[in-house]
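Please look over the sequence and the model before reading on.

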Amino acid sequence: MTASEQWIAFLTILRKEIKRFTRIWIQTLLPPAITMILYFVIFGKLIGGRIGDMGGFSYIEFVAPGLIMMAVITNAYANVSSSFFSAKFQRSIEELLVSPTPNYIILLGYVMGGVARGVAVGLIVTAMSLFFTSLHIHHWFTTLFIVFMTSVLFSLAGFINAIYANTFDDVSIIPTFVLTPLTYFGGVFYSINLLPEFWQQVSVLNPILHMVNAFRYGMLGISDLHIGMALVGLTILVVILFVIALHLLKTGKRLRA
Amino acid sequence: MTPADSIPALSIKNLRKTYNEKFEALKGISLDVMPGDFFAMLGPNGAGKSTSIGIISSLVRKTSGAVEVFGKNIDTDFSAAKKHLGVVPQEFNFSMFEKVEDIVLQQAGYYGLPRKQAVAQTEKYLKQLSLWDKRQTPARMLSGGMKRRLMIARALVHEPQLLILDEPTAGVDIELRRSMWDFLREINAAGTTIILTTHYLEEAESLCRNIAIIDSGTIVQNTSIKSLLQQLNKEVFIFDVKGNLQYLPVLDGHHVAEIDEHSFEVEVEKGQSLNGVFAQLTAQQIEIVSMRNKANRLEEMFVAMVNANKKEVQS
């Protein structure tokens, strides 16, 4: 396949993925908007007013970047895991497997589909937050880099989950038992400086904490951790998951008999 | 014959597939299908037909052996090999939620067809397969026959030189089956090499020029339909008489058996003529109003070959 043919194949997958999540917008784009409004009302307005400042910002300002990241993470993951597993389940993935599309294009197409949904939901949530607080960007590069790479990372994770999954239950296990706890303990709602020393050390092992913290730095300019470590660590994780996902595609694990 | 014509459309060499290191689905089959051919792969369920197609289309990993499509190796030159190939699987394998047009357009995109060309070829094949009116319909809303035609349109949208169909007319009504046959004959006449697996031996006899019979992972027979039929030693004909059959005729050199009060059957061995049968019937004042084969000739041969192979495997 020539480079231009590969580009066409990539755009085809990406277009299909965007069409899919916009077609079912009631399941994909609306729920995070409603959930985030509830978060902003309850944590931002009702409870946040009593909490006071955190890191020099009002609680609603502090929590907004974390909520945006939470939406980006869960939606990027959910998009790829459900779309790829559903293609596997209906066997429509065979349309791609019999075609000359190289494995890395298949992977990039699905991952960029996940990024598209993660970023779209991130923008929706950001727009919702503007009804409750004013936002500004302290460091554009960090903000955009973290959003993009985080959605890439969790799209890749969703892809690997979908490859291994045999049932729809298998697709929901990781988000329920791994992703949600890590996100909630990932500094979305609090600064880790509030934790005892031991739990601060434990929290540092949570990669989502670094992503949320770096994103908050990009928006507010405050940080509990080293930002450079988050950027480098995130890049390394993306490379590792990309290699694993590509290897699984190449070997045909649970895709080819 | 040009040099390109001498390269097989499909060349399979010593292909083996063992599932889970236990079940040997293919035991080293070799096969060449020449360009322009209309080729049938016959075999009972579990013979290895779908496994072979799965390997050719890269949905099944082979254990060993080599496959080339128009001289392009599916392992070392997979992109070129796949461009020559279109596959219509046995079971529906498209997203039930997507629209007919989107399914075909996407497939064109996966083969790298520019958008304008993809749109034109999607329209061409949806029209040829009478699905153009349904282009905005989600696939799940189509009838079974329409779904089959959708898979054919999808497999043809990048205009492959080799089209493989795995039981394309299974479960479709007679009218649709006949119209599919006409369509396949047309694209074969236009130059597309076609390989099909089928359970309908009448289909193979009607459409195909060459045939491979597969059983228990081996090729039992690989020849032309014509020479296969010439191997028939015996055929059974059913004769319907005018009025009631008063008595069972005695035909010299033939076994005769009564079926009911209006018909009887006669065995005709290779070398015997039907003229002789009619001469004897006329002499016995039996008037025949119609006659037909008792069973599909290929079917008899197919069953005989498969049974012979089973005995060989068991011994």
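## Overall form of chain A

The model described here is predicted. Chain A contains eleven helices and two strands. Read from the N terminus, its elements follow the order α-α-α-β-β-α-α-α-α-α-α-α-α.

The C-alpha atoms of chain A occupy a box of roughly 60 × 35 × 35 Å along the principal axes. The radius of gyration of chain A is 19 Å, which agrees with the value near 18 Å that a compact globule of 257 residues would have. Of the 257 residues in this chain, 46% count as buried. Among contacts in chain A with a separation of 6 or more, 83% involve residues 24 or more positions apart.

## Helix H1 of chain A

Helix H1 of chain A covers residues 3–23 and has 21 residues. From its first C-alpha to its last, H1(A) reaches 30 Å, close to the 30 Å expected at 1.5 Å a residue.

An α-helix has 3.6 residues a turn, so residues three or four places apart point the same way.

## The largest nonpolar core

The largest nonpolar core has 140 residues, and those with the most contacts inside it are A:Leu67, A:Val111 and B:Ala153. Helix H4 of chain A, residues 59–89, gives the most to this core, contributing 19 residues.

Which residues is B:Ala153 in contact with, once its neighbours within four places in sequence are left aside? They are B:Val104, B:Tyr125, B:Leu126, B:Leu129 and B:Leu131.

## Paired strands in chain B

In chain B, strand S13 (residues 263–269) is joined to strand S11 (residues 234–241) by seven bridges, and the two run antiparallel. Within this pairing, B:Lys234 has B:Glu269 of S13(B) as its bridge partner.

Strand S12 of chain B, residues 256–260, is also antiparallel to S13(B), with four bridges between them. Here B:Ala257 stands opposite B:Glu265 in S13(B). S12(B) and S13(B) form a hairpin, with two residues between the strands.

Notes:
Residues are numbered from 1 along each chain as its sequence is written. Chains are lettered from A and ligands numbered from 1 in the order in which they are written. This is a predicted model: local features need pLDDT of at least 70, side-chain atom pairs count only at pLDDT 80 or more; totals for chains, interfaces and linings use all residues. A nonpolar core is a set of buried Ala, Val, Leu, Ile, Met, Phe, Trp, Tyr and Cys residues joined through C-beta atoms within 7 Å. A residue is buried if 20 or more other C-beta atoms lie within 10 Å of its own, exposed if 12 or fewer, and partly exposed in between; C-beta atoms are placed from the backbone. Two residues are in contact if their C-beta atoms, placed from the backbone, lie within 7 Å. The radius of gyration is taken over C-alpha atoms; the globule rule is 2.2 Å times the number of residues to the power 0.38. Two strands pair if DSSP finds at least two bridges between them. The expected span of a helix is 1.5 Å times one less than its number of residues.
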